[in-house]
Every structure is written in C-alpha cells, then in structure tokens.
Amino acid sequence: MEGHGVPFWETCPENLIGDGGRHHRLACAILERDPVLTHGLAMSVGGFDPWDEDYLTDLGDFLVHTNTPWHSEHLCFTSVDGNCLHELLPLLFTREAVLHTIGRARALQSRLPVPLLLENITYYAELGAAEMDEADFVSAVLEGADVGWLLDVNNVYVNALNFGFDPKDWLSRMPLDRVAQIHIAGHKKFGDITVDTHGAEVIDPVIDLMQWTLERLGRPVPVLLERDNHIPDFQELLAERARIQVAYEAALALSGVRHD
Amino acid sequence: MIEPRTLRLQRAMASLVLDEDEAALEADPGRVARRQELSSADQGSFRDQSPGMLTYRELARMSLIDPLEDMFPVLKALLGEQGLWDACIQAFLDARVVRSCHYRDIAPAFLGWLVATGWGQERWPFLLELAHAELLEVLVTRFPDAEPLQGLHVEPGPADLVVLDPATQVVSYAHAVHRVSEAAPIPEARPTHLLAYRDCAGEARLKELTPATSALLVLAQTMPLAQAAEALNLPSLSPALDLLCDLRRAGAIAGFQSPT
C-alpha cells in the first residue's frame with residue numbers, strides 16, 4: 001500500500017465504531033497514518049426518530065480521534081419508528097420537510113465536534129406531492145441549517161437522467177459557495193431507472209460535470225472517488241483515481257487556481 | 001396529536017419496503033399509501049411512480065437481506081429446499097427488529113428474532129443452533145478489541161482461575177451443527193462442544209472439545225482448576241494443564257490468574 005499516492009481516505013464511522021478484530025485494526029491503522037474524512041450512512045437527518053445519544057458520543061470521539069475537518073451525512077431518512085431500513089430514502093420536497101430537516105440538521109450539528117456537511121442523494125421517485133423541486137429543497141435546507149454541502153456530482157447526473165433535467169442548469173441554481181467536498185462515482189441502468197451503484201467506473205460525462213463545477217467554484221475542494229461495490233483490482237482503482245486527479249487539476253488550472 | 005404529513009409519508013415508504021405480498025405491491029403500489037390514509041395527491045406519488053417506488057423496495061430489501069444470505073448460507077439452503085427461506089425472511093422483516101444503525105448488526109438481530117419467536121424450530125429442532133453456529137465465527141472474529149488483561153501468568157497452576165480471551169466463546173449444542181454444509185444442511189443429533197476463538201493472526205478458529213474439557217473451561221473461570229477438576233471427577237489435572245497451555249499459546253486463553 002505504500003506509495004499509492006492517495007491524498008486522503010473517507011470512512012463510514014458506523015462500520016468502525018464498536019467493531020473489532022484484525023480487519024478493524026488494519027482499517028484503524030490506515031486512519032492513524034493517513035488523512036481521513038468521515039461520512040455517515042444511517043443518521044436519518046430527515047427522519048423523526050430520536051438520536052441515539054450513546055452512538056453520538058462514540059461518533060464524537062471517533063471524529064476527534066480521526067482529526068477529520070468535518071463530518072458528512074446524507075440528506076435523507078433511513079429509519080422510521082425505530083426501524084433502521086439501511087437505505088437512503090428520499091425526503092419530501094415540501095416546506096414542512098424543509099423546516100423539519102433544518103431543525104434536525106441544526107440539532108445534529110450542535111452535538112458534533114466538527115462542522116456538519118449534508119450530501120444530496122439520488123432519488124428514484126418523489127415522496128408525496130412536491131411543493132418545490134429538488135434544487136430548491138436542497139438549497140433551502142443547506143441555507144436554513146447553515147451547513148456545508150457535500151456535492152455528489154454523480155447523484156446530480158443520475159437524478160438528471162431519471163427525471164430529465166440538465167445537470168448544469170440544476171447546479172447553476174445551487175449555493176456553490178457552500179460546497180466543501182465533492183463525491184464522484186459510477187452508476188448503472190436497470191430497466192428505465194439509473195441507480196447510483198458505486199459499482200462501476202466513473203463515466204466521462206460525470207467527470208465533465210465535476211470539472212464544470214470546479215471551474216465555477218474557483219477553489220480546490222477534496223474530491224472522493226466512491227467505490228464500494230464490484231471493487232476492481234487495487235491498481236485498476238488507483239489508475240481511475242489518477243485519471244480523476246488529472247481532470248481535477250486541469251479544471252482548477254482553467255479556473256486559474258493554484259493548489260497543493 | 002396530529003402526525004406530520006412528512007412522518008406519515010415516511011411510514012408509508014417503510015411499509016412499501018418491508019411489507020409482504022410482492023405481487024400485490026407490483027400490481028398496486030398505491031395501496032400502502034391508502035393504508036396510511038394519505039391524501040389523494042400523496043397517494044398519487046406511489047401510484048404514479050411505480051418503477052421508482054419498487055426500486056426503493058428492491059434496494060432496501062437487498063440491504064436488509066444480503067447480510068442474512070451471506071451469513072446464513074446453510075440455513076438458507078435448508079429452508080430454501082422447502083421453499084421457506086423467503087417466508088422466514090418476510091416474517092423477520094414483519095417483526096421490525098432491525099433497530100441498530102450498524103449494518104453488521106442485521107444478522108445478530110435475525111438470530112435474536114429466531115430466539116424470541118422460535119420460528120421453524122418445531123419442525124427443525126436444530127435450527128437455532130445452526131444459525132448460531134453460522135454466526136459464531138463472525139462474532140468471534142469481530143469481537144471488539146480490549147486492552148490486554150493485566151496480572152495474568154502464562155503457566156497454569158492447580159490454584160489458578162482460567163481467563164479466556166474476551167473474544168473466545170465456549171458453546172454447547174445438541175447437534176453437530178459445525179459439520180453441516182449447503183449440500184448437507186441437516187446435522188447429526190449428538191452433543192457437541194466447541195471452542196471458538198481468535199488465533200494469534202486474528203482469524204477465527206473452531207475446536208471441538210470433549211464434554212469434560214468444555215465443562216472445565218467453564219467452571220475454571222470461577223473456581224480454581226484443581227477444585228473444578230475434582231467437581232468434574234477428572235482422574236488427573238495434568239493433561240488438562242497441558243491442553244490449557246496449548247490453548248493459551250493459540251490465543252483462546254488470555255492467561256491464568258492466581259487466587260486473590
């Protein structure tokens with residue numbers, strides 16, 4: 001693993017907190033050695049279940065220990081009436097849901113030792129009759145909760161495919177000043193629906209969308225290649241990361257930004 | 001108190017994901033919305049976006065069921081032969097007992113549900129033991145690491161207590177469930193005593209024990225070895241001391257403790 005050139009890793013605290021054994025120790029050794037960002041899967045920011053205070057305490061300790069500059073969660077719900085569904089489920093695009101999610105995000109932020117970012121998810125159906133579109137919903141929550149944005153450009157692209165909009169138009173309406181991190185990943189089409197699988201190579205139009213965004217941001221932000229399914233040979237994965245790094249640097253060069 | 005519309009819609013989504021009767025849902029995905037007494041407009045989001053809603057059902061159920069199929073392959077083979085695996089899984093989902101945000105806790109939740117309900121155990125008296133045995137090595141492998149215990153020595157004496165490694169488990173079954181396979185999932189009915197432990201490399205190991213050794217390992221955790229051997233009518237402690245030395249070197253025993 002030495003000399004891999006990967007500048008940072010991202011880890012899901014739910015998968016490490018409370019775990020043990022050899023693989024856990026190996027993962028922790030990587031986190032001790034290299035810079036790390038943390039990314040939660042099951043906090044149910046838009047849900048109604050009470051916080052698991054014990055888990056939040058453990059999470060806070062984990063975030064401090066890993067020295068992550070922020071912690072990200074998904075803009076979704078994952079549990080209902082105490083039942084964890086282990087899936088990122090869509091929030092309503094309504095004023096009521098905006099206010100509810102803002103309250104939850106602020107409450108969560110107040111319990112974390114580092115800034116909270118929220119990530120836009122893929123959605124495959126609108127839950128309930130919408131009062132606004134996704135861009136307005138995400139913007140309203142980010143602004144109202146006053147949190148940073150983990151922009152997943154693949155999710156924007158997948159949503160654009162499934163709902164027939166222009167991803168660049170969508171991004172043009174968003175508060176890009178809040179972007180602190182970017183995710184990029186692969187996807188797959190099943191029938192009429194494209195699914196964010198994290199199980200395929202990133203395609204050029206998604207890389208193009210990342211570059212388009214970076215040019216407008218005009219500043220470097222960490223970009224994470226997500227791959228947690230059908231994981232290829234490590235060298236193949238490193239080659240893909242290197243390809244994205246080249247595209248990243250080219251975009252920043254175009255915007256006249258120097259980065260280290 | 002009036003439930004927020006957002007919560008009612010989230011409950012409808014949970015119902016869509018977890019409820020049984022796949023064929024009826026595919027024919028009428030709006031029925032979960034009707035059951036939740038959603039407004040006509042909100043019902044429409046289920047009725048009119050059938051492919052997207054069913055994608056959520058498939059993805060979430062995959063998240064919940066995949067760890068069970070991975071963790072309990074022999075149980076799945078046993079029940080699958082009778083066409084009952086899906087019924088078992090649906091009964092588990094109906095019970096709504098997946099409460100943890102940790103993905104690794106889904107399989108233990110399933111085992112806990114088998115204990116609580118006795119599902120299938122009238123027909124297959126060994127079913128619970130089989131499921132436990134399938135999970136045992138994973139539980140041992142991933143047992144949370146702890147600081148090394150202090151004040152232990154490496155050579156056992158007759159007055160010592162045995163201190164197992166925290167990950168080690170001594171288990172007794174009425175069936176030889178460690179001998180089954182997907183091709184032959186029905187175990188022989190014979191008392192079986194197993195020691196499950198992590199070796200020095202962190203890999204899980206299973207060792208079959210004699211009834212006497214199993215009983216000694218249990219008793220000698222709370223009673224001096226010589227006293228435990230006497231209680232078990234062992235003719236000599238000497239062979240047991242040699243075995244205990246071997247088990248300490250293998251990683252199953254943390255060490256031996258002098259009486260205080």
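Q: Which residues of α5(B) are buried?
A: In this predicted model, the buried residues of α5(B) are B:Gly52, B:Met53, B:Thr55, B:Tyr56, B:Arg57, B:Leu59, B:Ala60, B:Leu64 and B:Leu68. Buried means that 20 or more other C-beta atoms, placed from the backbone, lie within 10 Å of the residue's own. Helices are DSSP runs of H or I with at least four residues, strands are runs of E with at least two, and both are numbered from the N terminus.

Q: And where does α5(B) bend?
A: The bend, of about 35 degrees, is at B:Ser63, and B:Pro67 follows within four residues. The angle is taken between axes fitted to the seven residues ending there and the seven starting there.

Q: What about numbering and confidence limits?
A: Residues are numbered from 1 along each chain as its sequence is written, and chains are lettered from A and ligands numbered from 1 in the order in which they are written. Local features need pLDDT of at least 70 and side-chain atom pairs 80 or more, whereas totals for chains, interfaces and linings use all residues.

Q: Which residues stand opposite each other?
A: B:Val170 faces B:Leu195 of β3(B), and B:Ala196 stands opposite B:Leu206 in β4(B).

Q: What is in the hairpin turn?
A: Five residues lie between β3(B) and β4(B), and B:Gly202 in the turn has a positive phi of about 90 degrees.

Conventions:
A residue is buried if 20 or more other C-beta atoms lie within 10 Å of its own, exposed if 12 or fewer, and partly exposed in between; C-beta atoms are placed from the backbone. Two strands pair if DSSP finds at least two bridges between them.
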